[in-house]
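Work through the exercises below with the model open. Each task is followed by its solution in steps.

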Amino acid sequence: MMVSLLLEVCNWIGSQTPHETANSFTVVYMPSFRAAGRAALFLPFVSLVSLAQPASPSLNLIPIPREVRAGEVQSLASGVRINCAAPCAAEDAFAINDLKSYLASQGVAANTTSPVNLLVVRYGSPMAKSIYKEATPQPADAPSEFPAEMKAEGYVILPDGKGLAITAASDAGIFYALQTVKQLVTGTGTNAVLHTATVRDWPAMQYRGLHDDLSRGPVPTLDFQKKQIRMLAAYKLNVYSPYFEHTMQYTGHPLMAPPGGTLTQAQARKLVAYAANYHVTVIPEQEAFGHLHYLLTWDKYSPIGETPHGQVLAPGQPDGQKLTHDMFNELAGIYPGPFLHLGADETVELGKGQTKAQVDAEGLGPVYLGYLQRIVTDLKPLNRKLLFWGDIAMKEPDLLKQLPDSFKQATIAVPWEYNPQPRGFARFIKPFTDAGFQTWVSPGVNNWSRVYPNWNNALENIQQFTLEGQQLGATGQLNTIWDDDGEALFNANWYGILFGAEAAWHKGEASIPAFQASYGMNFHGDATGKIDQAQKELMAAHKLLKDSPYKTDAQDLLFWQDPWNPDGQRMAAEIRAILPELRLHTERAIALVAEARNANPNLRETDALDVLELGARRMDLIGLKFELTDEIATSYAHAFALQTSTVKEDREDLVRELGGINSVNGKLEDLRNNYSLLRDLYEQAWLKSYRPYFLRNNLERYDLTIQLWLSRMDRVRIAQRQWVNLKTLPPAADLGIPAPPTATTAPENQSPASH
């Protein structure tokens with residue numbers, strides 16, 4: 001390194017008057033250097049006195065960059081200086097201010113005096129080209145040019161001396177580089193450090209998104225949707241797709257919008273504008289064929305339904321196509337992006353009603369695809385690419401090949417499947433790629449109808465479906481959240497969302513173990529590993545249920561199931577053997593979350609931790625409920641058998657058994673108390689992200705269940721009074737108490753009939 005040149009440039013920088021812009025970051029004007037090379041180009045962030053710590057063993061980055069080498073660790077106790085080489089684009093200023101806001105939330109000041117510097121340079125200048133060349137493992141005489149695949153969203157980060165330099169050829173690239181810088185900062189306040197690294201990074205898939213169900217119950221507040229956008233962008237997702245059956249406001253069709261549960265057009269426009277700053281495109285999905293039950297319950301729309309008050313539009317009804325025309329013309333005026341989503345999945349009623357004769361004559365595939373073509377043709381003036389789900393069309397590979405090129409060019413096929421597939425996912429993808437369609441793959445986070453998402457299913461599904469999509473030429477991934485029974489809490493889903501981001505950005509097979517080892521530190525700032533282990537404990541609990549004769553994971557159905565009715569008794573026999581182990585996993589998860597919080601009171605995303613704990617408590621109550629009700633049945637049978645005894649000790653045992661069932665700290669009180677506590681925790685969690693709309697439906701389930709156990713307390717209390725007054729007890733069946741469990745359990749091959 002040429003010391004004289006270093007001192008010369010240092011003196012020049014010191015003589016300049018820093019420019020403080022309205023966005024409060026420093027614009028650094030670089031002189032024309034008399035000599036090229038690393039020493040001169042990176043001088044603004046060179047520290048002649050190094051305070052660096054040893055290199056970090058793991059950077060815990062999500063997504064893992066395509067090329068990354070860890071460097072030194074530098075203290076941020078004195079903050080960080082952020083410099084933007086002039087001319088600094090407004091988009092870069094926004095990205096820098098976004099970084100500053102994050103750093104401030106971690107107690108790290110952005111100032112002009114810190115010895116640690118971050119330099120932001122748009123690609124194109126000699127300095128930017130040198131940054132790229134230094135970060136690129138290639139021969140010294142190789143051209144220092146961004147390859148084509150990096151220009152849209154790629155970036156480079158390079159450590160030198162005391163800080164980092166970044167360059168990118170696009171707004172998105174600069175933004176994503178600074179999102180990576182966020183992840184390179186760990187700790188808070190004076191304990192915060194910067195993990196320097198050499199990074200060369202760009203995505204494997206052009207479109208990386210999240211599809212969010214806004215029609216099966218919960219509807220997020222606009223503020224929470226903005227948080228969703230920020231978080232998606234932080235993990236380099238660039239698509240947010242809200243799902244509408246009836247919850248988007250249409251001025252031409254006002255009947256469908258539920259009061260309090262509708263995204264208004266004004267709110268949608270605000271969301272679109274907000275998302276654009278974060279390089280996120282909002283793609284609305286409005287169901288245009290199936291899944292229109294909420295609309296078709298209105299008698300005004302009854303004539304266009306395939307069946308009375310059903311789900312599916314009848315293709316032969318002109319007013320049905322007019323409905324789609326009206327909705328999508330309004331959508332196009334609200335959402336200016338290049339895509340709209342038609343839905344068109346699960347049209348299971350097609351051919352069962354008005355269209356039966358046509359389907360019988362022509363076949364289901366031709367009728368379905370014929371109607372889809374008419375919709376696409378009608379919407380051609382909107383000049384948008386139209387997404388459609390692939391579950392129906394994939395069954396007609398020959399017909400797909402025969403469709404006109406104009407239809408293929410106007411659409412994007414989105415095959416979906418939400419579970420691991422031992423035979424692979426090619427059969428979902430190839431009908432479309434072989435026919436010449438642009439294709440996105442759509443895995444899922446496995447949150448629907450569960451007390452907490454099942455990551456055993458989700459991680460493998462996301463990993464393999466996305467991998468095979470890349471291998472077969474899919475250009476996008478649309479990870480999905482569904483709220484089928486209306487109980488799901490979005491804050492439970494971040495684990496699956498972040499792994500979706502990892503899989504879509506990552507070229508090739510994303511590593512599940514690497515993700516699981518990084519999530520807690522990256523998302524929550526938990527250096528103990530306890531949050532990562534808590535997620536694994538709930539995975540183990542799900543697996544126990546799935547591997548039991550019950551053969552289903554921790555569904556909401558099981559949480560609400562009355563264990564004393566015949567169906568509940570059958571379920572009890574199927575899961576009885578695994579209940580203690582199930583509960584130990586869930587209880588460890590609860591304890592691990594508490595231990596992580598105690599170790600670091602400044603953990604991030606605590607609302608998601610609350611929902612993780614709530615999921616563990618709900619799963620634990622499944623086990624406790626069946627354990628306690630078995631014990632109640634056994635205790636009452638014992639008490640009933642003792643009622644004719646004249647032995648004092650037997651009569652004392654009888655009273656003790658009844659008291660254990662129903663008294664202060666009795667088992668019936670335990671059930672009431674636990675459902676009541678979870679009701680309050682659930683309501684609190686709901687209102688942190690959702691509107692009050694639909695909440696009552698779920699709270700009523702809690703209230704009804706609480707009332708059920710209160711009524712059983714009253715019935716047992718009457719039996720207790722009967723013993724005091726008459727020295728007799730009613731049969732257990734009169735109280736609704738089942739017979740005690742026997743030593744035998746359900747056979748291994750018995751499966752539940754109602755799931």
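A cavity is a set of grid points where a 1.4 Å probe fits but cannot get out. A volume is the space filled by probe spheres set on such points. The model used here is predicted.

**Exercise 1. Which residues line the second largest cavity?**

Step 1. Get the volume. The second largest cavity contains about 80 Å³ of space.

Step 2. List the lining. Its residues are Leu76, Val80, Ile82, Leu99, Leu103, Val116, Asn117, Leu118, Leu164, Val181, Val185 and Leu194.

Step 3. Sort by class. The lining has eleven nonpolar residues, one polar residue and no charged residue. Asn117 is in the lining, and Asn counts as polar.

**Exercise 2. Describe the largest pocket and say which element gives the most to its lining.**

Step 1. Get the volume. The largest pocket holds about 590 Å³ of space.

Step 2. Locate the centre. Of 26 lining residues, Tyr102, Lys182, Met231, Ala234 and Glu605 are the closest to the centre.

Step 3. Assign elements. Two or more lining residues come from each of H3, helix H6 (171–184), strand E8 (185–186), helix H7 (222–234) and helix H18 (512–524).

Step 4. Pick the top contributor. H3 gives the most, with six residues.

Step 5. Sort by class. The pocket lining has ten nonpolar, ten polar and six charged residues.

**Exercise 3. How are helices H24 and H26 oriented to each other?**

Step 1. Read the geometry. The axes of H24 (residues 648–661) and H26 (residues 695–726) come within 10 Å and cross at roughly 160°.

Step 2. Apply the cut-off. Angles over 145 degrees count as roughly antiparallel. H24 and H26 are therefore roughly antiparallel to each other.

Step 3. The crossing of H24 and H26 is left-handed.

Step 4. Name the contact residues. H24 contributes Arg651, Leu654, Val655, Leu658, Gly659 and Ile661, while H26 contributes Val716, Gln720 and Trp723.

Step 5. Sort by class. The contact of H24 with H26 has six nonpolar, two polar and one charged residues.

Definitions and conventions. Residues are numbered from 1 along each chain as its sequence is written. This is a predicted model: local features need pLDDT of at least 70, side-chain atom pairs count only at pLDDT 80 or more; totals for chains, interfaces and linings use all residues. Side-chain values use heavy atoms; hydrogens and water are left out. On a 1 Å grid over the protein atoms alone, a cavity is a set of points where a 1.4 Å probe fits but cannot get out, and a pocket is an open set with protein on both sides within 12 Å along at least five of seven lines; lining residues have an atom within 4 Å of a point. Helices (H or I, at least four residues) and strands (E, at least two) are DSSP runs, numbered from the N terminus. Axes are lines fitted to C-alpha atoms, for helices over the stretch in contact, and angles run from 0 to 180 degrees between N-to-C directions. Angles under 35 degrees count as roughly parallel, over 145 as roughly antiparallel, 65 to 115 as roughly perpendicular and the rest as oblique. A crossing is left-handed if the near helix is turned anticlockwise from the far one by less than a right angle, and right-handed if clockwise. Contact means heavy atoms within 4.5 Å.
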